[in-house]
Amino acid sequence: MTSTRRSSHDPDLLPDPVSAPAPVRSKRALFLLLLTTFFPGSAQWVSGNRALGGFVMRVTIACWALLLVVLALALLKRDWLLGFFAQAWVQLGSSLLLVVLAAGWLLMFLNTLAIIRPRYLAPGARIGLTATLLVVALAITGSLGYGAFVMNKGRETISSVFTAGPAFKPVDGRYNIAVFGADSAGNREGVRTDSMSLLSVDAKTGKSLLISIPRNMQNAQFSKDSPMRKIYPEGYNCGDECLFNAIYRDATDNHADLYPDAANPGAEATMDAIEGSTGLKVQSYVMIDMAGFAGFINAMGGVKVDSGGWVPYNGKSWPNSSVNTHWFAPGEQTLTGKQALWFARSRDFTSDYHRIARQQCLQQAMISQFSPKTMLTRFTSIMDAGEQLVETDIPQQQLGSFLNLADKARQTPFKRLTLGAPDFGSAGDKFSTYPKFDEIHSRIDELIAAQNESPAKKSAEATKESAKEKESSAPAKSTKDSGTERNSEPGKINTAPSDAPTAQPDGSELTERYLVTLEQIGRTDLLAKIAANNNECSVP
């Protein structure tokens with residue numbers, strides 16, 4: 001009895017490249033190239049190498065199936081998918097898989113080139129098909145290699161910025177994250193929190209409330225379970241030194257022992273103060289380093305804002321002058337990282353409350369413009385900037401839900417509230433020094449309740465309110481706003497004085513050069529009037 005064992009090299013199902021006419025050889029070569037491009041292994045299988053072709057085709061089918069599963073999850077369970085790929089081990093495994101696939105696909109292209117047997121092709125077809133194969137091979141394997149690089153870059157950044165541990169759940173349906181702007185410049189000892197805010201986001205809808213806390217607020221209340229409450233049971237009220245932005249440094253230098261398990265006692269104490277002062281449970285924090293902020297904005301390709309007024313900033317001195325003030329003009333601006341930092345921190349000729357409003361606007365602009373497209377096209381630059389920009393205690397497991405939530409928040413207008421002027425009193429009063437915390441808590445509860453109202457109920461209330469206004473002949477009173485609309489009563493920070501210059505003496509438009517001239521001749525009183533509404537800002 002003779003054996004009929006099947007050879008691993010079965011008959012070639014395609015025309016013989018040696019005896020076939022030249023046009024047939026070219027068509028055969030093109031067909032093999034297309035097979036390897038779209039279904040690796042199939043070119044080897046039809047050419048008679050069933051063992052190699054069959055194995056590679058099984059791998060190809062598995063990869064296509066995996067890709068379809070990923071696409072389905074992206075549509076149906078995007079937050080779960082993002083959370084899964086945010087894990088370091090998944091990113092490492094994906095990087096290795098992409099490298100293996102790139103190498104394997106390249107080998108299949110080279111093997112396909114051998115099967116084509118270019119020497120039997122016509123001279124023109126030989127050069128064209130060989131060049132096309134090499135270009136396609138390099139494009140595909142290069143893309144897979146770059147994908148592996150991106151995955152590994154993301155893994156390194158996430159591991160260095162975010163913490164380990166399980167994700168946390170929303171409290172009363174919301175995530176409340178403290179955001180600090182930290183200044184650790186070389187001419188300052190230690191870290192100082194120059195800006196502090198609380199971002200409260202509805203876990204389902206992405207509707208957001210941004211609460212800004214003036215750095216000069218006094219008598220901050222610590223949460224009931226805060227260790228700092230033992231030191232300051234009546235609030236942070238040790239005199240003029242106990243401003244809100246001093247809590248971070250005080251806890252770091254003097255009370256770190258109260259937070260023995262905390263990596264950053266200063267951040268923990270400040271979170272406790274925000275929680276006690278706002279009445280909202282603060283779950284985590286993000287600290288943004290001012291030095292890294294500029295690099296992050298540059299990595300995003302700049303940020304667009306629509307400025308309502310003239311905003312001063314300090315730059316190089318003007319020629320033949322000691323004045324170094326420069327000005328952003330009103331209107332739409334595309335700011336570089338350095339310019340965005342100037343725009344957010346400027347308070348010349350104005351007050352802290354003006355820059356708080358601009359910071360709120362800039363934060364909203366960044367979130368609205370930080371789209372998936374930006375993330376994909378500028379991924380490595382953003383990752384590089386992120387390592388220098390952010391310190392946080394948000395766990396890696398939280399990234400999936402937060403990225404999905406950020407996409408919802410990006411499409412929803414922010415509500416803004418400042419625990420001082422213009423939302424509570426005017427710029428010159430003592431609210432920040434002696435805040436009424438019951439009033440703060442009530443206002444925050446009102447804003448959150450308004451966000452939770454159904455569109456139908458809001459529409460009915462708006463119609464009812466409109467009818468009342470039409471019936472009344474008296475001027476409508478201003479209502480407590482959400483922070484996105486500012487009151488225009490006298491004394492509010494966004495009201496330009498009636499005698500504020502709107503043009504030069506000759507009737508021409510205001511220019512930066514004219515404002516510089518005013519400062520050179522000592523007319524800072526006019527500059528203060530011109531800049532009085534530079535807190536007005538919106539996202540284009």
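## Overview

The structure is a predicted model. Its chain contains 19 helices and 11 strands. Of the 540 residues in the chain, 45% count as buried. Where contacts in the chain join residues at least 6 apart in sequence, 71% of them are between residues at least 24 apart.

## The three-stranded sheet

Three strands form an open sheet in the order β8-β5-β11, and their pairing is antiparallel. In general, the strands of a sheet pair through backbone hydrogen bonds, in either a parallel or an antiparallel manner.

Strand β5, made of residues 303-307, is joined to β11 by two bridges in the antiparallel sense. Within this pairing, S307 has C537 of β11 as its bridge partner.

## The helix on the sheet

Helix α12 (residues 352-369) packs on the sheet and touches β5, β8 and β11. The direction of α12 makes about 140 degrees with that of β5. This helix is mostly covered, with 14 of its 18 residues buried.

The length of α12 can be checked against its residue count. With 1.5 Å a residue, a helix of 18 residues should span 26 Å, and the end C-alpha atoms of α12 are 26 Å apart, which agrees.

## The pair β6 and β7

Strand β6 (residues 311-314) pairs with β7 over four bridges, in the antiparallel sense. One of the residues involved is Y313, whose bridge partner in β7 is H326.

Strand β7 (residues 325-328) is covered on both faces. T325 and W327 lie on one side, H326 and F328 lie on the other, and all of them are buried.

## The helices α5 and α6

Helix α5 spans residues 88-116 and helix α6 spans residues 123-161. The two pack at an angle of about 170 degrees, and their axes are 8 Å apart. Angles over 145 degrees count as roughly antiparallel, and α5 and α6 are therefore roughly antiparallel to each other. The residues of the contact between α5 and α6 comprise 19 nonpolar, 11 polar and one charged.

Conventions
Residues are numbered from 1 along each chain as its sequence is written. This is a predicted model: local features need pLDDT of at least 70, side-chain atom pairs count only at pLDDT 80 or more; totals for chains, interfaces and linings use all residues. Side-chain values use heavy atoms; hydrogens and water are left out. Two strands pair if DSSP finds at least two bridges between them. Contact means heavy atoms within 4.5 Å. Axes are lines fitted to C-alpha atoms, for helices over the stretch in contact, and angles run from 0 to 180 degrees between N-to-C directions. The expected span of a helix is 1.5 Å times one less than its number of residues. Buried means under 20% relative accessible area, exposed over 50%, partly exposed in between (1.4 Å probe, protein chains only). Angles under 35 degrees count as roughly parallel, over 145 as roughly antiparallel, 65 to 115 as roughly perpendicular and the rest as oblique. Ala, Val, Leu, Ile, Met, Phe, Trp, Tyr, Cys and Pro count as nonpolar, Asp, Glu, Lys and Arg as charged, and the others, Gly among them, as polar.
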